[in-house]
Amino acid sequence: MTIQMGLPFPQDAAQAGMQESRALAAKHSRRNTFRTWDPPRERMSKVPREWQIQPGLTQHVPDDLAPFVEWFYKQPEARERFRWALRDSLDELLDGQRTGRWAYQHLTKTEKTYLGTAVEVNLTKEFAIDNGADLDWSIAGLDIDCKFSKDLGGWEIPMEMYLCADHGERSGRADHAAVLTWMDDDTSRWAAGIVRITDERLRWKRERGANGDRVRAYNRDNKRKLSDGAKSEVYWLWDGLQTDLPTNLLRHLDLETRKRILTARSPRRRSSSGQQRVNQLFREVQDRLIGRHTVLTVGQQDDAPKRARDARIKLRPEGIVVLGHQGSHPHVARALGLPEPIKGEWISTSLVPVSSDDERPKFSLDGQFWARSCGEELLHPVPAPDLPDGRESDWVNRFGFGITS
């Protein structure tokens with residue numbers, strides 16, 4: 001086996017280094033210029049009446065689909081991983097850090113077309129799915145394909161997935177199975193099903209003319225959609241409709257709140273700044289987890305996560321703490337009854353000093369109890385404590401609530 005070594009540098013390496021620098025391009029680059037987007041005017045998904053599905057379905061697993069269903073159900077935390085793969089696929093295309101986009105409707109036509117590929121790629125990596133002999137996937141030793149559609153029932157099936165004598169060499173070698181995936185970011189709904197593709201389960205139409213013969217309903221790429229009657233042949237994983245696609249925070253904020261966040265600026269500046277926008281995000285959205293993608297989209301800077309850390313300093317005089325995943329922060333969140341951030345997550349909340357007999361969830365730091373502000377307390381903020389986020393030995397003895405490993 002021959003090992004290829006690195007290629008030599010050009011003779012004039014200094015000149016090449018100058019040419020390869022981003023500095024010249026960055027002077028005029030518009031890719032990282034902050035911009036805002038209008039709220040979408042149309043829905044992301046269409047759900048035809050014939051394809052509406054319900055949660056909590058009780059279905060019998062068809063024998064021919066059982067190997068695939070069992071395989072998914074045996075994967076650790078498969079449902080959680082599946083829904084996050086869908087979320088991440090859309091977020092990757094939105095690329096909020098560079099574009100400021102926060103809705104599927106902001107994507108270009110080309111990007112929308114690529115979303116199905118992104119879903120397949122991310123599911124492949126997430127579940128370490130092998131390549132098939134004839135199709136993209138092999139699960140339980142059997143070929144299967146992954147199909148995505150933003151519209152329920154909109155999956156497009158190519159000729160190679162099913163048997164058809166009329167297709168000649170383009171016919172599939174068998175009636176293959178397909179994993180059908182769908183999500184609607186507007187409603188946080190998603191679904192995943194498995195179906196065996198056959199010629200009769202795909203759409204047909206009546207040919208124009210006197211005869212009105214029944215013919216296959218191809219699109220321009222010789223693909224066909226599932227017929228409405230095929231819905232009953234789909235086995236829906238995890239009992240049908242799912243209603244917990246990880247939330248797209250910016251998409252679901254009300255118009256005025258989102259506008260305040262994305263246009264926040266310092267009194268000294270005419271234009272919005274990444275730090276001010278991130279500060280405003282933590283002011284406006286308290287007591288709920290905020291993910292890295294949201295911070296990147298709001299900050300629209302390479303160092304947006306640093307802006308989240310700096311927001312702790314900026315917001316402390318306003319009585320607001322921004323909790324992360326390190327040091328004392330998860331323990332503080334737990335003591336206050338808040339969700340605990342993991343890496344890449346933050347949660348902000350307003351604090352107020354309270355007495356030891358206050359019934360609210362609270363913690364003690366340096367002898368002073370703190371609880372989440374409520375009611376009129378929010379109108380008269382008190383500077384929040386500086387929470388230690390270093391090693392446990394540096395802070396554990398300063399807290400009055402039970403610290404557990």
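A crossing of two helices is called right-handed if the near helix is turned clockwise from the far one by less than a right angle, and left-handed if anticlockwise. The model is predicted, so local features need pLDDT of at least 70 and side-chain atom pairs count only at pLDDT 80 or more, while totals for chains, interfaces and linings use all residues. Residues are numbered from 1 along each chain as its sequence is written, and side-chain values use heavy atoms, with hydrogens and water left out.

**Stop 1: H9 and H11**

Select residues 274–284, helix H9, and residues 304–315, helix H11. Helices (H or I, at least four residues) and strands (E, at least two) are DSSP runs, numbered from the N terminus. H9 passes H11 in a right-handed crossing. On the H9 side, show Gly274, Gln275, Val278, Asn279, Phe282 and Arg283; on the H11 side, Arg307, Ala308, Asp310, Ala311, Lys314 and Leu315 make the contact (heavy atoms within 4.5 Å). These residues divide into 5 nonpolar, 3 polar and 4 charged. Ala, Val, Leu, Ile, Met, Phe, Trp, Tyr, Cys and Pro count as nonpolar, Asp, Glu, Lys and Arg as charged, and the others, Gly among them, as polar.

The axes of H9 and H11 come within 9 Å and cross at roughly 70°. Axes are lines fitted to C-alpha atoms, for helices over the stretch in contact, and angles run from 0 to 180 degrees between N-to-C directions.

**Stop 2: the sheet**

Next, find the open sheet of 5 strands, ordered E1-E2-E4-E5-E9 with mixed pairing. Two strands pair if DSSP finds at least two bridges between them. Strands E1 (137–139) and E9 (235–236) stand at the edges, each with a single partner strand, so one side of each has no neighbour in the sheet.

Select E4 (residues 177–184) and E5 (residues 189–196), which pair in the antiparallel sense over 8 bridges. Tryptophan 182 stands opposite alanine 191 in E5.

**Stop 3: lysine 147**

Move to strand E2 (residues 142–149) and pick lysine 147. Is lysine 147 buried or exposed? Its relative accessible area is 14%, so lysine 147 is buried (under 20%; exposed is over 50%, partly exposed in between, with a 1.4 Å probe and protein chains only). Leaving aside residues up to four places away in sequence, lysine 147 touches Trp155, Glu156, Ile157, Pro158, Met161, Val179, Leu180 and Thr181.

**Stop 4: H4**

Last, select helix H4 (residues 78–94), which lies across E4 and E5 and runs at about 110° to E5. H4 also packs with helix H6 (residues 109–126) at an angle of about 140°, their axes 9 Å apart.
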